Amino acid sequence: MTAHKNYVRSLYKKALYTSLDWYPNRMQWRSIALQIRAEFEANRGETSPVRIQQLVRETEDVLKEYRHPLPYKYMTAPGGTKYERNKWFEDNMTC
């Protein structure tokens with residue numbers, strides 16, 4: 001797989017995760033995800049390198065514009081509310 005395909009795929013995933021930050025309810029988010037998929041599929045057959053680079057730049061700009069100020073984080077992920085919650089007990093308990 002080419003590096004460009006991997007990059008476009010990562011842009012698609014970033015677009016989905018960014019939209020999920022704004023619509024945490026999966027029922028509401030599903031229609032947005034389908035719109036994102038349709039936009040990517042509409043440009044799938046593009047062969048002009050100049051147009052492809054333009055589309056990539058536009059997508060990057062849209063992702064920067066719509067980035068959520070407080071993105072969703074899983075509770076146990078770094079920065080989540082339960083990340084290393086019991087670390088102090090694990091370090092200080094002696095049996």
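**Figure 1. Contacts across the whole chain.** Take the contacts between residues at least 6 apart in sequence: 51% of them join residues at least 24 apart, where contact means heavy atoms within 4.5 Å. The model is a predicted one, in which local features need pLDDT of at least 70 and side-chain atom pairs count only at pLDDT 80 or more, while totals for chains, interfaces and linings use all residues. Residues are numbered from 1 along each chain as its sequence is written, and side-chain values use heavy atoms, leaving out hydrogens and water. The protein has four helices and zero strands (DSSP runs numbered from the N terminus: helices are H or I with at least four residues, strands are E with at least two). Of its 95 residues, 18% are buried (under 20% relative accessible area; exposed is over 50% and partly exposed in between, with a 1.4 Å probe and protein chains only).

**Figure 2. A look along helix H1.** H1 has 20 residues and reaches 29 Å from its first C-alpha to its last, close to the 28 Å expected at 1.5 Å a residue (the expected span is 1.5 Å times one less than the number of residues). Its buried residues include Leu11, Tyr12 and Ala15. Among what covers the buried residues of H1 are H2 and H3.

Figure 3. The ring centres of Tyr12 and Phe40 are 5.2 Å apart and the planes stand at 75°, so the pair is edge-to-face. Tyr12 sits in helix H1 and Phe40 in helix H2, 28 residues apart, so the pair links distant parts of the chain. Phe40 is partly exposed, at 22% relative accessibility.

**Figure 4. Arg9 and Phe40.** Arg9 lies in helix H1 and is partly exposed, at 45% relative accessibility. From C-alpha to C-alpha, Arg9 and Phe40 are 9.6 Å apart in space, yet 31 residues apart in sequence.

**Figure 5. Inside the largest pocket.** The volume of this pocket is about 1100 Å³. Of the 30 residues lining the pocket, Val8, Tyr12, Ile36, Glu39 and Phe40 are the closest to its centre. A pocket is an open set of points on a 1 Å grid over the protein atoms alone, where a 1.4 Å probe fits, with protein on both sides within 12 Å along at least five of seven lines; lining residues have an atom within 4 Å of a point. H1 gives the largest share of the lining, ten residues.

Key
Grid points are joined across faces, edges and corners, and a volume is the space filled by probe spheres set on the points. Rings of Phe, Tyr and Trp (its six-membered ring) pair if their centres lie within 6.5 Å; planes under 30 degrees apart count as stacked, over 60 as edge-to-face and the rest as tilted.
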